[in-house]
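Have the model open while you read.

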Amino acid sequence: MAIMRCIEAHPSMEMTVDEFKAWLSRFDADHDGQINKEELKDALHSLRVRFGWWKARQGMKEADCNHDGQIESAKEIEKLVNFAQKRLHMKIYQSDW
């Protein structure tokens with residue numbers, strides 16, 4: 001019997017803002033259109049980020065403007081993109097299309 005494993009493709013550390021949003025939405029476990037700390041932690045673990053639980057906590061502190069434990073608004077997404085660029089060294093850019 002052959003055992004097959006499905007390995008989720010890891011995104012490159014360079015992407016557009018729209019690709020970042022689409023990648024992040026894959027971790028929206030409850031499909032509510034918002035990202036919470038656990039979902040962010042899962043996303044960071046998929047990138048094999050060291051101390052992903054801690055960086056998820058820091059990302060939420062920086063991006064969650066209204067302190068409701070969710071990343072949902074465009075402003076909060078923008079802050080999360082800035083966090084990913086500065087703290088995770090991701091290259092996220094606006095699409096020119």
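Start with E62, which is partly exposed at a relative accessible area of 33% (buried is under 20%, exposed over 50%, partly exposed in between, with a 1.4 Å probe and protein chains only). E62 pairs with R87 in a salt bridge, with the closest N and O atoms 3.3 Å apart; the term means a side-chain nitrogen of Lys or Arg within 4 Å of a carboxyl oxygen of Asp or Glu. Since E62 sits in helix 3 and R87 in helix 4, this pair ties together parts 25 residues apart in sequence.

A word on ground rules: this is a predicted model, where local features need pLDDT of at least 70 and side-chain atom pairs pLDDT 80 or more, while totals for chains, interfaces and linings use all residues. Residues are numbered from 1 along each chain as its sequence is written, and side-chain values use heavy atoms, without hydrogens or water.

Now for the packing. Helix 3 (residues 52–63) and helix 4 (residues 74–87) have axes 8 Å apart, at an angle of about 135°. That angle makes helix 3 oblique to helix 4 (under 35 degrees is roughly parallel, over 145 roughly antiparallel, 65 to 115 roughly perpendicular, and the rest oblique).

The whole structure has two salt bridges. In the one between K41 and E38, N to O is 3.0 Å. These residues are three apart in helix 2, so about one helical turn separates K41 and E38.

Definitions and conventions: Axes fitted to C-alpha atoms, helices over the stretch in contact; angles between N-to-C directions. Helix = DSSP H or I, 4+ residues; strand = E, 2+ residues; numbered from the N terminus.
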